[in-house]
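This report describes selected features of one protein model. The sequence and structure are shown first, and the description follows.

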Amino acid sequence: MNRRGLILSVLAVGVAGFGGATWFATRPGPVAEAEPVAPELADAVIRPYSPILGPADAPVTIVEFFDPACEACRAFHPIVKDIMAEHGDAVRVVIRYTPFHGAASEEAIRVLEAARMQDVYEPVLEAVLREQPRWASHGAPEPGLILQIAATAGLDADAARTQMLAPDVVAILNQDRADVETVGIRQTPTFFVNGTPLDPFGEAELRRLVAAEVAAAQS
């Protein structure tokens, strides 16, 4: 098991035993010392068309390279939401699509983009992640369920079937794939905070890096 797999396993045990609201890593340590991304890669890390959760003008930006079929992304989603709630209007999240799990990932992304067109992005995102074990089984994925699941969260499925094939959606998928290669993303989730990669990876590290950036922005 690699380090990220170990982190996910620990997270799953913590959530099951104590609930997502109480499982937080609190061990002391320095803020991540990674260098900010090189200027020539900055445009590939964040794009103006990408979905934004939180205030568009927040001074601290978490960029998440995200695959809706990724179990670790699902596990980290409530953590990211809690970080946003903790810091209020100071933090936003920018989603970059990383369809590493093939057809199921791509269909989920297309459904999410249709949801964005219909102004139901966040409830559909919540539903897609909540029901991920049903449609994203890595042994026998069932991407056809995604649209049905999204409809329970307010998506107009009939309209979405057309919207999912829109040229803008194809362009977003293509550009995000290209940026994933440019930046060198190899696993999900991968986080950047105000251009600095999260390294080492972990909940405590993400919390500390965001807190440091918020403090700097407010000083």
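Strand 1 and strand 3 (residues 91-97) pair in the antiparallel sense over two bridges; strands pair if DSSP finds at least two bridges between them. In this pairing, Ile52 stands opposite Val94 in strand 3. Helices (H or I, at least four residues) and strands (E, at least two) are DSSP runs, numbered from the N terminus.

The model is predicted: local features need pLDDT of at least 70 and side-chain atom pairs count only at pLDDT 80 or more, whereas totals for chains, interfaces and linings use all residues. Residues are numbered from 1 along each chain as its sequence is written, and side-chain values use heavy atoms, with hydrogens and water left out.

The open sheet holds five strands in the order 1-3-2-4-5, with mixed pairing. Strand 1 (52-53) and strand 5 stand at its edges with a single partner strand each, so one side of each is left without a neighbour in the sheet.

**Aromatic pairs**

Four aromatic pairs are found in a search of the whole structure. Rings of Phe, Tyr and Trp (its six-membered ring) pair if their centres lie within 6.5 Å; planes under 30 degrees apart count as stacked, over 60 as edge-to-face and the rest as tilted. Two of the pairs, both involving Phe201, are tabulated here.

| Pair | Centre to centre | Angle between planes | Class |
|---|---|---|---|
| Phe76 and Phe201 | 5.1 Å | 50° | tilted |
| Phe191 and Phe201 | 6.4 Å | 15° | stacked |

Phe76 lies in helix 3 (residues 71-87) and Phe201 in the loop between strand 5 (196-197) and helix 10 (203-218), so their pair ties together parts 125 residues apart in sequence. Phe191 belongs to strand 4 (residues 190-193), so its pair with Phe201 joins parts that are 10 residues apart in sequence. Ring pairs link Phe76, Phe191 and Phe201 into a cluster. Phe76 is buried at a relative accessible area of 3%, and Phe201 is buried at 8%; buried means under 20% relative accessible area, exposed over 50%, and partly exposed in between (1.4 Å probe, protein chains only). Phe191 is buried as well.

**Glu113**

Glu113 is placed in helix 4 (residues 103-117) and counts as buried, with 4% relative accessibility. Not counting residues up to four places away in sequence, Glu113 touches Pro51, Tyr97, Tyr121, Val169 and Ile172, where contact means heavy atoms within 4.5 Å.

**Confidence**

The protein averages a pLDDT (the predictor's confidence in each residue, from 0 to 100) of 87, and 84% of the residues score at least 70. Over residues 5-32 pLDDT stays under 50, and the model has 34 contacts beyond four places in sequence for them. Where pLDDT is low, the predicted coordinates should not be read in detail.
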